[in-house]
Amino acid sequence: MERNSSDDNPAKKSRRKVSGAALLQPSVTAALHRALFEEWAETGYAVLRMDRIAKRAGVGKAALYRRWKSKRELAFEAVSATALTITPIPDTGSFKDDVHAITRAFAIVLRHPLVRRILPDLHAERARSDELADLIEQVTRDRRAQAIVLIERAIKRGELTEKTDRQLALDLLIAPLYWSSIVQRRIATKREINRIAKVVTASILCIPR
């Protein structure tokens, strides 16, 4: 039987009637995000079940449905929040060093077992249906809006020209490592990461004006 308490935690109960927003404990939300990713990695998005996510998180289903009406809503929030904070955009003062820093950070993320399982499934699901299309498009758009700052700073410093194709530069920034790690399923060594960063830097510098 579901308990109508502060996210199923008796210690959080109040003697006064509280609003729905007050019931949403951040620690429970974080646990549900983790449970989503773990279930997703094990089963794939298509067969994700809300009750299994709640069970893995150690909460009742009521705590889950207070926040999201469907697994799509949960996935949208969890993926969006994680994607925008998982690899901060570096600011070293040098374009070359920025590229090396973001490549190293990205390599660490792509090495994570959950990421290596979820990313291929996310794109496979996109090919099967449109349910996650807007999620992928928004995350891609927001992440590129963050990363373009790296390109703009290099232009202001004179390391890149104003005519640099910014969208192509963003493609080049992540594509080689993503292809190697997610498509080819390789774990990049430190030497390979440095080599990829050098190639990416040179490629962006050589983009036709």
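Guide: The lining of the largest pocket comprises 23 nonpolar, five polar and five charged residues, where Ala, Val, Leu, Ile, Met, Phe, Trp, Tyr, Cys and Pro count as nonpolar, Asp, Glu, Lys and Arg as charged, and the others, Gly among them, as polar. The model is predicted, with local features needing pLDDT of at least 70 and side-chain atom pairs 80 or more, while totals for chains, interfaces and linings use all residues. Residues are numbered from 1 along each chain as its sequence is written, and side-chain values use heavy atoms, without hydrogens and water.

The largest pocket has a volume of about 1000 Å³. Of its 33 lining residues, Ala83, Phe106, Leu119, Val139 and Tyr178 are the closest to its centre. On a 1 Å grid over the protein atoms alone, a pocket is an open set of points where a 1.4 Å probe fits, with protein on both sides within 12 Å along at least five of seven lines; lining residues have an atom within 4 Å of a point. Grid points are joined across faces, edges and corners, and the volume is the space filled by probe spheres set on them.

Helices H1 (26-43), H4 (71-83), H5 (95-110), H6 (113-128), H7 (133-156) and H8 (166-183) each give two or more residues to this lining; helices are DSSP runs of H or I, at least four residues, numbered from the N terminus. H7 supplies the largest share, seven residues. Because domain 1 (26-70) and domain 2 (86-206) both contribute lining residues, the largest pocket lies between them; the bounds come from an automatic or database domain assignment.
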